[in-house]
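Welcome! Let's take a friendly walk through a protein model, one topic at a time.

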Amino acid sequence: MGSPRLALVGAFVIGGLLLFAVGLFLIGDRRLLFSEQFEIEADFGNVAGVEISTGVRLSGLPAGEVIGIEIPDAPGGRFVVRMRVREDLHSLVRTDSEAAILSDGLLGSAFIQLRAGSAAAPLVPDGGALRGVDAVEIADLIAEGRETFRIAAAEMVAMRAELTDTFGGFEATIETTTRLIDDLGNDAQRVTGASAALIDETRGMVAEVRGVMDTVAGSQDAVQRVLNESEGTMRAVRTSAERVEEAIARFTGPDSATQRLLVEAGEVMGRAREAMADVADNTEALKRNWLFRGYFAERGFYNLDELTVDEYRTLLRDDRYTPLRIWLAADRLFEADPGGGWTLRDGAARRIEEAMGELLQYPRTSPIVVEGYATAGEIGRRLLDSQARADLVRSHLTQAFRRAGATGTMALGAGAAESPSGDGRWDGVALTLFAEPEQLVRAGAGAAQ
Amino acid sequence: MSGFVRTAVVTRLASGGRAVIFAGRALRDMFRPPFELQETARQIYELGWRSLPLIAAAGYAVGIVMSMHTRASLERFGAEALVPAGLALALVRETGPLVCGLLLSGRVGAGVGAELGAMKVTEQIDALEAVAVDSFKFLVVTRVVACMIAMPILTAVMNFMGMLGGWTAESAVSGMGFEAYFRAAFSLLQFSDYVPGTLKTMVFGFIIAVTASYLGVHTSGGTQGVGYAATRSVVTASILMIAANVVLVRLIFFVFPEMAE
Amino acid sequence: MNVSGTDGVNVSGAGGVNVSGAGGVNVSGSRDANEPAAAIRLEHVSKAFGTFRVLDDVSIGIPRGRATVVLGRSGTGKSVTLRHIVGLLQPDSGRVFVDDTEITALSPSALAKVRQRIGFLFQNAALFDSITVAENVAFPLRRHSTLTDAEIRARALEKLAAVGLARAAESMPGALSGGMRKRAGLARAMALDPAILLVDEPSAGLDPVTSEEIDDLLVQLKRERGTTLVVVTHNIPSARRIADTMLFLHEGRVLARGTAEDLERCEHELVRKFMRSEAGG
C-alpha cells in the first residue's frame, strides 16, 4: 500500500470526522451550547406545540430554547415553561417583557416569542419570571373588536333612521342629509365588512395554529389600535347623534337655525367619517402587514427583520419583481443633531412627499422599503447611520401616508451598485417599491430626485 | 414433518448458527492483537474512499428529488419555510443512513463476496494460512473494521451532499442563499437525531462486511460459486441491514424517548 | 480401523508393502520413522468429508532432506495428506508431527511458527492476485522477517531470478502463463528458505517441457539446500525425475512405498500399471 493511498485514507477519515463534527457544531451552535446564557420562565394556560428544545426568539431574533415544562398541580393551573436565553440579550429582557407561543406559518413549528421590555423597567434576574400571553387572548381581542364594529354599524343605522324622521318634512334638505348619512353609513359598512373578513380570517388561523402574528407586540398593538380607533369613532358618532338631538330639541321651524344645524351636522359627520377612515386605514395596514410577510415568505425569507443585507441585495436582482427606486441625497434631507444622531432638516418632508408622489400611482399593497445609506466613518458607523436615516424617513412616511404596514427599512451602509452617483456608493436614502412587472404602467420612475 | 423438510430446517439453522459464530469471532478478533493496520487501511481505501463518488452523487440526487417532493407537499400548506428542515430531518434520521447502507451493501457486498469467493476457490485463502497468516484476521476482520469506519463517514458525506442537493433545488425555485438554507436545515435537528442516526451505520457496516465475508469464505463450486456468493451477499446483507434498522430504531427510541415524538 | 499396539508408526490397514524396517520394501536406509531423521510423520491419521473417508488410518514417515513423491489416482487423498502436514486440515483422529512437534495439538500462534518453516506450492500456484508477482514473493518476508523494505525487495527479486522470472517481477499474477505462475508460486514458497517444501501437482496443466523445468528446479533445491520435498503428483515421468522415495495412496490407505524400482515390482497390479503409464494417470 503506497503512501499516496495512505494519505487518501487519512484524508477520508479525517475529512469524515470533520464533516460529522461540523454537523454537531451546527446543532450545538443553534442550541447556544457554546455561549453564555441565563434562565427565565413564563406561564401559559396552554403549551400546545412547545417541547424541550423548542426555540425562543426575542423580537424575531433566535435567542435560546425551552429547557423544561412544569405541569400545574391542579386543573386550571398554568404551565410554567423554563427557557435558556443568550446572555448578550439579557439587557432587553425586562420585568414588563412578555412571552407568547407563536408558530412559523400554518404548519410551522411552535416557538416562544419574547417581547423586549421598556427601558424603565428593571432587568429580569437569572431564573426570574415573565408574563405569558396566551394565543387565545389575541383571538378574544379580535372577537371583542368585531362586537364593537357591530354596535357601531347598528348605531349608524339607528342614527340615519332618526335623522330621516326628524328632517322628514323638509324636502330640500332631505336629499343632502341622506347622502351625507349614506356616505357615513357606507364607510361604516365598509369598515365593518373589511374587519369582519379580517377577523374571520384571523380567527380561522388562530384556531388552526397557534398564532400567525409576526410579533406579539406588533400584532397585539395593531389590534388594540384598531379597537381604540373604533371606540373613538363610536364616541364621535354618539356625540354627533347627541348634538343632532340637541339641535332637534331647539328646532322651531325652517329658519336660519335649520341651516346652521345642517352645517353643523355636516361638520360632525365629516369628523366621524375621518375617524372611520382612520379605522379603515389601520385595518388595511394590519392586513398589509401580513401581505408584506407573505411577499417575503414567498422568496424563502420569512421576515424583513430577519433578512440580511446580502439576502436583500439578492432580492433586488430577482426578475419577477421590479424594484422602482427613488434616490434622495443626504445633504438635502438630514442634519446631524447635537446628540450624534440625525434629524430631518427644513424642506426634507416636502422632498420625501414629492418622491412618494411618484410611487403612489402603484397599488397600495406593493411593499416599499426605505433603504438607508451612509458613506462616512467605518462600517459599523455607516450601518448605524444608514439605519437611523431609513428610520427617520420611514416614520415620516408612516405619519404622512399611513403606510405603516407595507413599509420597511433596510440599512445598507455605503454600497449602492445602481446609485445615480455612478461610483457604486450613495449617501442618503432610496425609496424602493417592489411591483410586479404588469403593474409598471410608467417607466422612468427610478430617476434621481 | 418429513425427513427432507427436517433436514432442510436443520441445515438452515446450522448455517445460521455458523454465521452467528462467524460474526462473534469477527467482533472478538477486532480487539485482539495483532492488528492488521496496513491491510485495514487498504480496505478503507477500497471500500470507503472508492465509494465516495457513488455516495456523493447519489446523495446529491436524493437531496434534489426529496427537496422537490417535500416542497410540493408543503407548498399546499404554505409551509415552504419548512422544506430545508424537513429534508434535513428525513436525511439525517433515516434516508441518509439507509440509502448509504443499501448502496454500500451493493458495492461492498458484491465486491467482498466475489473477492473472497474467488480467493477461496483459487486456494489463496489456504495460501495465506500456509504462509502463517491468520486469514480470518487478514481478510475478514480488516474488511469488517474498514466497513465500520467507512459507513458513518460515508453517511456524513451523503447527508451533506443531500442537503447540498436540497439547496440546489431550493435556490433554483426561491433563490435562497446557501447560508440561510443551512441555517434553516439545521433549525429542527437535535443531537438525538444526528448522533444515533449516524453511528447506527457502524452496525450496518458490520452487518454488510460480515455477511459478505461469510458468504465469500464459504464459497464452493468454482467460478459459478463466486457469482452466487456475490449475489447472495448483496441480497442477504440488504435484508439483514433493513431488519437490523427496525431493531435499532426501536432501540434508539428507547434510549432517546424525545425522538419518538 | 486397526491400530498397532506397540509401534505407532509402521502400520497400514490393508497390509500392503508398507512396513518400514521390517524388510520388504524399505524407506531409504531402513531407518525407522521414529528416528529424528523423519522430518514429517503422520500417525494413524483418518479424515472424512461427510461420509466419504479420504484418509483411513494412514501412517507415514517422510525422511529429512530427501524428495518423497506421493502417487495415486485422483481423489485418493494425496492433497489432503499435504494439507494435514501444514495444518490446513485437522485429522478426525491420529496425529501429525513436523520436526517432532505435534502440530495437531498446537495453538494457532505456535502453528504459525511451524508454518514458517514449511513452503507450500499450490496446484494453481494460488498467487494473491491483487498484488504484483514481486509483492507475492515478498509477502511472507514482510510478515515474518525483520528485514528492511529494500532487503525484502532484493530478496524477492533474487528468488524470482532463481526461478527465471526476474523480468515478470512487476506483472500482476493474472497476466502470467500457467508455468510462470507456478514458478512464481515456487519463488514465494521458497521466500523464507523453508526446510520443508510441499508441492501439490507441480506438472498439472503444464506442457512437458515446462513441467520438466519445474521438476529440475525442485531437484536443484533439494540438492543445494537440502530441502525436504513432499511432492504430490500423478505424472510418472515427473515423479521419476524428482523422487528418492515414493508412496502410493489408494482408497485412503498407503498401498505401496519405496523407490521407483520397488514400486515397479510391487505385488499390486494397480501400482505396476500406474508406474508403466508415461503420460500419468
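Predicted model: local features only at pLDDT ≥ 70, side-chain atom pairs only at ≥ 80, totals over all residues.

Residues are numbered from 1 along each chain as its sequence is written, and chains are lettered from A and ligands numbered from 1 in the order in which they are written.

**A sheet in chain C**

- Chain C has an open sheet of 4 strands in the order S2-S1-S4-S5, with antiparallel pairing; strands here are DSSP runs of E with at least two residues, helices are runs of H or I with at least four, and both are numbered from the N terminus.
- The edge strands are S2 and S5 (101-102) of chain C, as each pairs on one side only; two strands pair if DSSP finds at least two bridges between them.
- Strand S1(C), residues 38-49, has 9 of its 12 residues buried, where buried means that 20 or more other C-beta atoms, placed from the backbone, lie within 10 Å of a residue's own.
- S1(C) is joined to S2(C), residues 52-63, by 8 bridges, and Ile40(C) stands opposite Ile62(C).
- In the hairpin of these two strands, with 2 residues between them, Gly50(C) takes a positive phi near 65°.
- S1(C) is also joined to S4(C), residues 93-98, by 5 bridges, with Ser46(C) and Ser93(C) as bridge partners.
- S4(C) and S5(C) share 2 bridges, and here Phe97(C) stands opposite Glu102(C).

**The nonpolar cores**

- A nonpolar core is a set of buried Ala, Val, Leu, Ile, Met, Phe, Trp, Tyr and Cys residues joined through C-beta atoms within 7 Å.
- The largest one has 159 residues, and Ala88(B), Val144(B), Cys147(B), Ile208(B) and Leu198(C) have the most contacts inside it.
- Helix H6 of chain B (residues 135-174) gives the largest share of this core, 20 residues.
- A second, separate core has 29 residues, including Leu324(A) and Leu433(A).
- In soluble globular proteins, nonpolar side chains tend to be buried together.

**Chain B, a chain of helices**

- Chain B has 9 helices and 0 strands.
- Of its 261 residues, 51% are buried.
- Among contacts (C-beta atoms, placed from the backbone, within 7 Å) in chain B between residues at least 6 apart in sequence, 86% join residues at least 24 apart.

Conventions: Contact = placed C-beta atoms within 7 Å.
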